[in-house]
Amino acid sequence: MQCALHSLQTCDNQHNDLSRDHTSMADKQYDLVVIGTGPSGESAAVNAAKHGQAVAVVERLDQVGGNCTHRGTIPSKALRQAVKQMLAVQSSRVLHDLGTPDAPLSWLLERLHRVVGQQIDMRASFYARNGIDVLNGHAAFEDANTLSVTNAQGARQTVAFKQAVIATGSRPYEPPDVDFSHPRVFNSDTILEPGFTPRSMIIYGAGVIGSEYASIFSGIGVRVQLINSRERLLEFLDDEISDALSYHLRLTYGVLIRHNEEYERIAADDDGVTLYLKSGKKLRADALLWANGRTGNTDRMGLEALGLEPNGRGQLAVDDRYRTKIEHIHAVGDAIGIPSLASAAYGQGRSASADAIRVNGFRWVDDVPTGIYTIPEISSLGPTERELTEARRPYEVGQALFKETARAQITGDTVGMLKILFDPISHELLGIHCFGDQASEIVHIGQAIMSQQGAANTIDYFVNTTFNYPTMAEAYRTAALDGLNRIDGVFDVPAASAAPVAGIEQMAPDGATPHADPGDPEGPPDGHSLPTGTSG
Ligand SMILES: Cc1cc2nc3c(=O)[nH]c(=O)nc-3n(C[C@H](O)[C@H](O)[C@H](O)COP(=O)(O)OP(=O)(O)OC[C@H]3O[C@@H](n4cnc5c(N)ncnc54)[C@H](O)[C@@H]3O)c2cc1C
């Protein structure tokens with residue numbers, strides 16, 4: 001591996017006074033040291049290296065990639081994709097008739113390991129290519145400019161730094177009264193090596209991770225009970241989408257969801273696990289997956305001695321530049337709490353290092369869509385109907401059902417819908433809520449419009465733009481037309497927005513765009529008005 005160890009003089013940025021004593025005593029010296037090689041650490045390190053800084057990352061796992069690559073996002077998504085492939089094969093008459101066998105868990109895990117391996121290789125090459133040193137071991141602060149790095153064999157080295165980024169991520173929260181050493185009790189890390197295929201599973205915790213694993217395990221035929229401490233599934237979602245997810249988990253995959261439940265105790269034995277709920281219920285399954293909360297990896301790092309006190313969830317407070325109370329020590333990713341997503345972590349890491357080395361590129365990461373990889377998947381951005389109503393913000397709804405989209409009919413993924421919420425006067429796009437195959441991709445088309453400033457954020461774009469056909473993107477056109485038809489004649493439109501919407505005009509003569517299905521071109525649901533002049 002190429003060494004990035006330069007003289008500290010290479011850094012123009014002298015805003016942190018690194019004392020000679022520290023540098024001369026330390027084994028190594030860097031402009032920037034990043035602790036953790038997940039998405040936030042990687043992006044912080046690469047950004048600084050690209051700007052000519054001497055950079056090292058410290059990682060206590062044997063390989064780079066962070067929990068994201070080894071235990072979180074990547075393995076769970078690879079597993080889910082393998083389950084989807086398996087379900088597709090099972091539902092395909094042709095392949096089924098060829099005698100394709102049902103996929104055992106080991107087949108799925110093999111696919112998972114292949115993807116994780118590819119990711120590790122690729123990520124390791126980023127460090128090598130950018131001349132970033134990878135120091136293996138557990139990092140702890142000796143003082144505000146020195147870290148100790150202790151590897152698995154106990155060998156210790158000290159590293160002096162001008163700037164540091166804490167990108168140490170998080171781990172599953174483990175309540176002390178649950179025996180996680182039992183081979184039938186898992187968390188989201190250990191479930192990736194279950195050691196056996198359970199026939200039934202209790203998933204305790206119906207947040208994003210619990211719901212995703214409910215899809216994955218029920219998809220391979222495991223009888224899943226999903227225990228939710230809240231009144232409804234993923235309460236932060238649009239109500240219709242939360243209901244749709246509950247419906248599909250129950251009816252398509254046979255997941256039994258129990259709401260408003262809390263555990264009293266968990267007892268595991270040689271044959272299974274019993275979950276005792278405070279409501280008096282007693283549930284039994286072959287295995288239990290605990291998916292209830294995460295803790296920031298900020299312990300055993302000497303932070304308290306520096307005056308940095310993590311909160312009860314192990315998370316560090318940062319200011320609006322991702323700086324901790326110590327200006328030259330930034331913190332990013334899961335270590336600072338919500339949104340606790342890899343998607344956000346990349347941006348946070350890059351921003352923190354831009355701030356640390358005083359270069360352009362800082363942004364506060366707040367435009368984070370929800371991406372939930374249940375089967376079917378969910379994605380959303382912006383307020384829900386409930387939130388807009390509570391805020392007394394007038395809005396209208398436009399929706400497109402996937403089953404009325406040519407692309408979905410072709411692929412067979414007809415479950416789902418795209419719902420857009422918009423201002424009925426200005427047509428400003430306020431919220432995007434999508435459920436169904438590729439939802440996490442589809443949301444980004446709307447996001448691009450929603451992030452436009454002023455009058456450029458308008459759903460008219462979807463009507464005035466030619467989308468490839470057949471695509472799922474076309475659902476935006478259908479949803480926009482559905483919404484615009486709904487407000488037609490209802491609102492006094494100010495002069496600026498009074499111009500006719502081109503798409504509707506084009507539709508008027510014969511009621512169909514060149515490719516739309518005759519008869520019901522835009523597919524508004526029953527009871528909705530069709531575009532002016534549309535046959536239907
Ligand atoms: C099951 C699951 C599914 C998920 N799915 C998604 C998803 O679909 N989309 C999404 O955006 N997010 C998802 N997430 C969340 C995502 O994985 C995290 O938000 C992301 O990994 C956080 O990145 P990070 O850079 O903060 O740190 P991490 O990826 O957690 O990496 C931190 C690294 O720091 C190292 N480290 C910790 N302490 C030290 C120390 N003292 N010294 C040296 N090294 C240390 C750790 O070993 C680790 O490698 C999922 C999470 C889980 C658990």
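Biologist: Which residues of helix 14 are buried?

Modeller: Helices (H or I, at least four residues) and strands (E, at least two) are DSSP runs, numbered from the N terminus. A residue is buried if 20 or more other C-beta atoms lie within 10 Å of its own, exposed if 12 or fewer, and partly exposed in between, with C-beta atoms placed from the backbone. Helix 14 is mostly covered, with 11 of its 14 residues buried. By that count, the buried ones are Glu474, Ala475, Tyr476, Arg477, Thr478, Ala479, Ala480, Leu481, Asp482, Gly483 and Leu484.

Biologist: What pLDDT do local features need here?

Modeller: Numbering starts from 1 along each chain as its sequence is written. This is a predicted model: totals for chains, interfaces and linings use all residues, side-chain atom pairs count only at pLDDT 80 or more, and local features need pLDDT of at least 70.

Biologist: How far apart are the end C-alpha atoms of helix 14?

Modeller: The expected span of a helix is 1.5 Å times one less than its number of residues. Helix 14 covers residues 474-487, so its 14 residues should span 20 Å. That agrees with the distance between its end C-alpha atoms, 21 Å.

Biologist: At what angle do helix 4 and helix 7 pack?

Modeller: Two packed helices are described by the angle between their axes and the distance between the axes. Axes are lines fitted to C-alpha atoms, for helices over the stretch in contact, and angles run from 0 to 180 degrees between N-to-C directions. For helix 4 and helix 7 (residues 208-219), the axes are 9 Å apart and the angle is about 35 degrees.

Biologist: Which residues of helix 7 meet helix 4?

Modeller: Two residues are in contact if their C-beta atoms, placed from the backbone, lie within 7 Å. Helix 4 brings Ser76, Leu79, Arg80, Val83 and Leu87 to this meeting. Facing them in helix 7 are Glu212, Ser215, Ile216 and Gly219.

Biologist: Which elements do the buried residues of helix 8 pack against?

Modeller: Helix 8 (residues 239-251) has Ile241, Ala244, Leu245, Ser246 and Leu249 as its buried residues. They pack against helix 7, strand 11 (256-258), strand 19 (378-381) and strand 22 (429-436).

Biologist: Which residues are closest to the ligand?

Modeller: A residue is near a molecule if its C-beta atom, placed from the backbone, lies within 6 Å of it. The ligand is surrounded by 38 residues, and the closest are Gly36, Gly38, Gly66, Gly169 and Gly333.

Biologist: Is tyrosine 322 buried or exposed?

Modeller: Tyrosine 322 lies in the loop between strand 16 (294-296) and strand 17 (329-331). Its phi is near 60 degrees, a positive value in a residue other than glycine. Because 27 other C-beta atoms lie within 10 Å, tyrosine 322 is buried.

Biologist: And how is asparagine 260 classed, buried or partly exposed?

Modeller: Asparagine 260 is found in the loop between strand 11 and strand 12 (263-268). Phi of asparagine 260 is also positive, near 55 degrees. With 13 other C-beta atoms within 10 Å, asparagine 260 is partly exposed.
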